[in-house]
Amino acid sequence: MGNDGLLVVRCQLGEREAFRELVGMWHPSLWRYVRGMVGSPHLADDLAQEAWVAVVRGLPRLRQPERFAPWLFTIARRTVTDHLRQTYKAPETAMEEATTVVADDELSGVLTTMQIEAGLAALPPMEREVLILFHLEDLPLASCAEVLGVPAGTVKSRLHRARRMLRNHLAEKGYEA
């Protein structure tokens, strides 16, 4: 059992310090994933916190502690999906948040100057998500498949399509592909 698995077992036994270590280890990855999916750092803070609350509630029932990473990203994905679903149900709110997201993206672009983030934001959610999980969070194909709830072959085809879309988008913006 790896370090994550031991930390999860310690958390399941009620050790608070272990949970603090687990959060310290995984929060940056979780936040980057959520930020990549919703675009806004402020919204990512809220949704990441919501995901951690779900982790606290579900952690005692996690039967395979060594599978913590895919389980965590599945919870994060569900949290993002629930948020997006609520956003799409309320069109006026969606327009306001879309404006906020654009404003946040402009700000973060100035602060980070990472053209790749802008490229990711331009991709549809399914393609953006698979690139974030595989390339930014370094999850193996099997774990990506588990998080996304699709076969590994589907992950491969989504990765291929997403890379091509990102390359084309960056080329349109004048960056070398």
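Author: Let's begin with the angle words: under 35 degrees counts as roughly parallel, over 145 as roughly antiparallel, 65 to 115 as roughly perpendicular, and the rest as oblique. This is a predicted model, in which local features need pLDDT of at least 70 and side-chain atom pairs count only at pLDDT 80 or more, while totals for chains, interfaces and linings use all residues. Residues are numbered from 1 along each chain as its sequence is written, and side-chain values use heavy atoms, leaving out hydrogens and water.

The protein chain has nine helices and zero strands (DSSP runs numbered from the N terminus: H or I of at least four residues for helices, E of at least two for strands). Let's zoom in on two of them. Helix α8 spans residues 141-148 and helix α9 spans residues 152-172. Their axes, lines fitted to C-alpha atoms over the stretch in contact, lie 8 Å apart. The helices pack at an angle of about 95 degrees, on a scale from 0 to 180 degrees between N-to-C directions. α8 and α9 are therefore roughly perpendicular to each other.

Which residues in α8 and α9 meet? From α8 come L141, C144, A145 and L148, and from α9 come A152, V155, K156, R158 and L159; contact means heavy atoms within 4.5 Å. By class, this contact of α8 with α9 has seven nonpolar residues, two charged ones and no polar ones. Nonpolar covers Ala, Val, Leu, Ile, Met, Phe, Trp, Tyr, Cys and Pro, charged covers Asp, Glu, Lys and Arg, and the others, Gly among them, are polar.
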